[in-house]
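Me: Hi! Could you walk me through some of the packing in this structure, one question at a time?

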Amino acid sequence: MKRLSGWDSLLLCSETPNVHQHTLKIAVIDTSGFEGEPTFEAFLETFRKRLPALDPLRYELIDVPLHLHRPVWLEGVDIDFGYHVRKVSVPDPRGRAGLDALIGQIAGTPLDRRRPLWELYYAEGLAEHRVAVIGKVHHALADGVASANLMARAMEWPGAGTDEPSSENLSDSLSTTALLAFAGRDHLRQVAALPAVVKDVAVGAYRLQRRARTRRRQPELAERFKPPPTFLNRKLSAGRAFATAALPLDEVKETSGRLEATINDLVLAVAAGGLRTLFIEFDGGADHALIASVPASTDTSPDRISGNELSTMLVSLPVQIADPLERVRLIRTAAQMAKEDNELLGPATVGKGLRYVPPAAARATFRWTSRREAPNQLFNLIVSNVPGPRERGRIAGAVVTEIYSVGPLAAGSAMNVTVWSYVDQLNISVLCDDLAFDDVHTVTDAFVAAFAELRRAAGLRDTTTDMTSALPHVSVHRTRSGASPDR
């Protein structure tokens with residue numbers, strides 16, 4: 001039996017019919033090196049062998065009797081492979097566009113809480129001997145770092161051993177008595193820890209307030225907790241649309257070095273530049289700085305494969321600034337301020353406090369916010385950047401050529417941008433609700449163009465997205481769907 005953290009519980013409570021809380025991991029695989037015939041059955045057998053190393057996939061959510069405690073994970077349950085692992089086909093026009101459309105369909109349906117909270121899709125039909133494996137995992141089960149570590153365990157890596165992992169079933173049932181006893185012990189632990197948590201929250205809040213009084217005003221940056229209204233900030237639909245693009249990582253590093261910015265700063269600058277273009281075209285102007293929620297992990301251990309150890313930073317994106325170099329300067333300032341605030345509050349403080357939020361109250365609050373025709377009150381969109389593997393992974397000898405990842409949308413915020421680096425690529429994933437754009441590649445086009453603009457401003461040569469290691473880039477004419485923005 002395994003307890004849920006405060007973040008785990010919040011992510012369960014925040015799920016509603018139109019706000020799903022699963023994450024997606026996508027691996028594009030060149031099957032030409034596969035050991036044997038590259039069929040779904042062969043892949044399934046390979047996955048069965050790797051499953052003992054993937055313990056969280058055998059967790060099942062169990063309710064405590066009378067709801068006297070938040071749910072717990074029952075470990076070591078049996079897996080119905082016929083349900084959890086599925087073969088699908090990439091629709092026309094195949095390639096990147098078809099795969100992205102398929103992923104959008106998969107993203108738009110919730111996971112069944114009566115089963116372990118994951119699904120795996122084996123997608124055939126890509127060109128050049130490629131298939132895609134699409135993992136769909138509930139965010140309550142694993143955050144970005146844990147999911148990345150879990151994905152790494154499912155692959156083979158240069159220099160790693162080839163021994164198959166092994167594990168045993170931990171249990172297949174729990175008695176009411178055991179669940180109630182667990183709940184009682186955990187409540188006692190939480191009561192004992194409460195004074196220290198209250199102290200941490202109070203001290204962190206005081207530090208933030210004191211720093212806010214002394215910090216120099218930045219009129220070009222958004223005020224904290226005051227995101228401006230945009231056409232992306234409204235009640236979400238239940239459907240999802242997805243798009244990807246890949247940038248050459250060496251060019252990203254070259255650009256960040258020339259601009260004296262971190263990769264994280266550059267990712268935020270690319271998002272700001274792309275969003276400026278989108279808002280001018282679809283919202284009639286880009287007049288106010290946006291606020292991005294930027295998740296950060298408080299535990300980056302390579303051995304952690306489950307749970308959420310998170311903090312969230314709110315970073316201003318100055319989309320109203322036309323000069324790309326000035327946007328970079330302001331983003332450096334905004335990111336530094338957000339990091340400082342995170343440290344002053346304490347990166348783990350919010351997670352500790354969430355342990356004491358009553359699940360019933362949280363569920364009622366999120367149901368209300370998800371039904372409102374209103375923007376998110378904290379941020380406009382989510383932007384995250386995760387450093388991925390520097391070597392190519394393999395599955396049964398087949399090389400993984402690309403990896404993409406994306407997290408869920410939040411109520412009142414119809415866009416999530418997740419960036420993963422993988423070997424020679426910086427891979428961009430964009431998830432929106434399906435009413436935001438006629439084609440979400442509109443967004444990835446804008447981001448690629450924003451990166452090219454940054455390189456020109458830095459005095460560097462033009463970028464190229466035609467990498468032999470990645471699927472060809474998709475470019476579309478920018479149009480937005482007919483739904484009018486809520487202002």
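Reply: Happy to! Axes here are lines fitted to C-alpha atoms, for helices over the stretch in contact, and angles run from 0 to 180 degrees between N-to-C directions. Helices (H or I, at least four residues) and strands (E, at least two) are DSSP runs, numbered from the N terminus. This is a predicted model, in which local features need pLDDT of at least 70 and side-chain atom pairs count only at pLDDT 80 or more, while totals for chains, interfaces and linings use all residues. Residues are numbered from 1 along each chain as its sequence is written, and side-chain values use heavy atoms, with hydrogens and water left out.

Me: Are α8 and α12 parallel, antiparallel, perpendicular or oblique to each other?
Reply: Helix α8 covers residues 263–282 and helix α12 residues 441–457; their axes are 8 Å apart and the packing angle is about 120°. Angles under 35 degrees count as roughly parallel, over 145 as roughly antiparallel, 65 to 115 as roughly perpendicular and the rest as oblique. The pair α8 and α12 is therefore oblique.

Me: How many nonpolar, polar and charged residues make the contact of α8 with α12?
Reply: Contact means heavy atoms within 4.5 Å. From α8 the residues include L266, V270 and F282, and from α12 they include V443, F447 and L454. With Ala, Val, Leu, Ile, Met, Phe, Trp, Tyr, Cys and Pro as nonpolar, Asp, Glu, Lys and Arg as charged, and the others, Gly among them, as polar, the contact has 13 nonpolar, three polar and no charged residues.

Me: Is the ring pair of F47 and W118 stacked, edge-to-face or tilted?
Reply: Rings of Phe, Tyr and Trp (its six-membered ring) pair if their centres lie within 6.5 Å; planes under 30 degrees apart count as stacked, over 60 as edge-to-face and the rest as tilted. For F47 and W118 the centres are 5.9 Å apart and the planes at 55°, so the pair is tilted.

Me: Which residues form one aromatic cluster?
Reply: F47 in helix α2 and W118 in strand β6 tie together parts that are 71 residues apart in sequence. Both are buried (under 20% relative accessible area, with exposed over 50% and partly exposed in between, using a 1.4 Å probe and protein chains only). The cluster is formed by F40, F43, F47, F81, W118 and Y122.

Me: Which residues are in contact with Q190, leaving aside neighbours within four places in sequence?
Reply: Q190 is found in helix α6, residues 176–214. Its relative accessibility is 11%, so Q190 counts as buried. Its contacts are R3, R355 and Y356.
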